[in-house]
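Here is a short note for a colleague who is opening this structure for the first time. Please keep the model in view while reading.

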Amino acid sequence: MEVVYIKTLAAFLVILISILLYFNLQIEKPILFNKEFHGKQFSTFYMEYEEEKIEIGMVGDVLLHLPLYNYTNFAPSFSPVQQELESIDLLIANQESLPAGRTFGVSGYPNFSSPPHIISDLKDIGVDVLSIANNHSLDQGEEGLLEAIQQMEKVEMPYIGAFKSEVDQQTDRIFDVENISFGLLGYTYGTNSHETPVGKDYLVNRIEETRIIEEIKELKAKVDFVVVSIHWGAEYNLEANETQKKLAGSMSDAGADIIFGHHPHVIQPYEQILAKSGHQTHVFYSLGNFFSGQKDEYTNIGGIAKIEVLKKNVNGKQIMTLENPSFISTAVLKGEPYTVNFLKDVESEIGKTNAWVQQHVFGGE
């Protein structure tokens with residue numbers, strides 16, 4: 001009788017385990033619970049898994065030379081790439097020619113002053129933040145910078161790197177996207193021959209390594225990721241120099257997660273830095289020109305740098321990572337009007353290929 005009982009119990013257990021294994025196999029593939037959910041979810045007999053994905057990106061220099069500063073509407077110039085830009089969850093642009101034109105009139109090189117509607121037109125194509133620390137920040141002096149900031153505030157465009165007051169400078173730039181927080185910082189190597197007025201160092205953040213390290217560490221304690229927009233390097237040089245690389249290493253050691261560089265007006269390579277602590281930093285040394293009227297070789301080529309941000313929840317434990325850096329090459333065609341295009345669509349007119357850009361940025365064959 002006892003033998004029969006044991007055999008019956010064993011058979012029951014075999015059946016039960018078979019049923020559980022069967023249902024476990026049926027739900028291993030991702031199950032989408034919501035069309036608006038950016039990621040994937042699935043559940044198995046052993047694990048509950050949820051993943052959210054967003055993208056952060058930046059475009060390079062917006063520098064409005066003649067005839068660009070006379071445009072009354074920039075939408076047609078950006079329309080070829082607008083859909084791609086709008087798809088990025090947090091998008092930064094380097095607005096290098098400050099929009100002080102309402103008060104100071106419009107002008108190009110060497111002392112830029114751009115029409116204020118460039119701000120709203122960039123906002124309309126998906127730009128979320130303007131980086132305004134660059135060598136042209138004080139082209140129209142303190143009053144020009146304050147005028148540009150006022151125009152940004154009118155259309156609720158956030159800005160980083162240059163400020164209207166000490167309080168403004170000390171206000172953290174923190175952006176939350178899908179419950180992921182990003183702290184943004186911006187710096188420039190200098191402001192050409194335009195010096196900061198005495199006692200007003202808050203106007204433009206300049207590159208001072210010790211200060212940058214301290215500010216990265218302070219902001220890192222408040223956010224998930226620290227992103228640095230930095231104006232550095234040598235103009236028209238296709239490679240990052242040792243000064244850039246050394247500073248990038250210091251910022252990585254301090255905890256910077258992403259570094260977007262600009263100023264050379266041409267693209268420079270991407271690098272992933274492994275800090276002494278094991279921390280990884282994604283560095284795009286130069287994004288090139290996004291929209292400009294420059295005529296030198298390679299200055300018509302820029303791009304959209306992007307990085308995926310993954311937030312993973314495994315059995316209640318949250319992990320966040322930065323993955324899949326990419327660079328979508330763009331080019332300015334000087335027609336009527338000038339337009340920003342995907343380079344792959346205008347290779348014959350530009351004389352450079354997307355394949356060349358990808359090899360230059362990421363290396364490899």
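The points below go from the whole chain to single residue pairs.

1. Basis. This is a predicted model, in which local features need pLDDT of at least 70 and side-chain atom pairs count only at pLDDT 80 or more, while totals for chains, interfaces and linings use all residues. Residues are numbered from 1 along each chain as its sequence is written, and side-chain values use heavy atoms, with hydrogens and water left out.

2. Overall make-up. The protein chain has 11 helices and 15 strands. Helices (H or I, at least four residues) and strands (E, at least two) are DSSP runs, numbered from the N terminus. Of the 365 residues, 50% are buried. Buried means under 20% relative accessible area, exposed over 50%, and partly exposed in between (1.4 Å probe, protein chains only).

3. Take the contacts (heavy atoms within 4.5 Å) between residues at least 6 apart in sequence: 70% of them join residues at least 24 apart.

4. The open sheet. Six strands form it, in the order S6-S7-S8-S9-S11-S10, with mixed pairing. Strands pair if DSSP finds at least two bridges between them. At the edges are S6 (174-177) and S10 (267-274), each pairing on one side only. From one strand to the next, the twist averages 20°. S10 runs antiparallel to S11 (residues 280-287), with seven bridges joining them. Ile267 stands opposite Leu287 in S11.

5. Helices on that sheet. H8 (residues 209-220) packs on the sheet and touches S6, S7 (180-188) and S8 (225-231); its direction makes about 165° with that of S7. H11 (residues 354-362) also packs on the sheet, touching S10 and S11, at about 35° to the direction of S10. Axes are lines fitted to C-alpha atoms, for helices over the stretch in contact, and angles run from 0 to 180 degrees between N-to-C directions.

6. Strand S2. In S2 (residues 48-63), 13 of the 16 residues are buried. S2 pairs antiparallel with S13 (residues 301-314) over 11 bridges. There, Tyr49 has Val314 as its bridge partner. S2 also runs parallel to S3 (residues 90-95), joined by six bridges, and parallel to S12 (residues 289-292), over three bridges. Val62 stands opposite Gln95 in S3, and its bridge partner in S12 is Phe291.

7. Strand S15. Five of the five residues in S15 (residues 338-342) are buried. Tyr338, Val340 and Phe342 lie on one side, Thr339 and Asn341 on the other. S15 pairs antiparallel with S14 (residues 317-334) over five bridges. A hairpin of three residues joins the two strands.

8. Salt bridges. How many does a search of the whole structure find? The count is 13. The criterion is a side-chain nitrogen of Lys or Arg within 4 Å of a carboxyl oxygen of Asp or Glu. Lys164 and Glu153 form one, with the closest N and O atoms 2.6 Å apart. Lys164 lies in the loop between S5 (159-160) and H7 (166-170) and Glu153 in H6 (residues 141-154), so the pair ties together parts 11 residues apart in sequence. Lys222 and Asp172 form another, also with closest N and O atoms 2.6 Å apart. Lys222 is in the loop between H8 and S8 and Asp172 in the loop between H7 and S6, so this pair ties together parts 50 residues apart in sequence.

9. Within H8. Arg211 and Glu215 meet in a salt bridge (3.0 Å, N to O). Both lie in H8, four residues apart, about one turn of the helix. Arg211 counts as buried at 17% relative accessibility, whereas Glu215, at 22%, counts as partly exposed.
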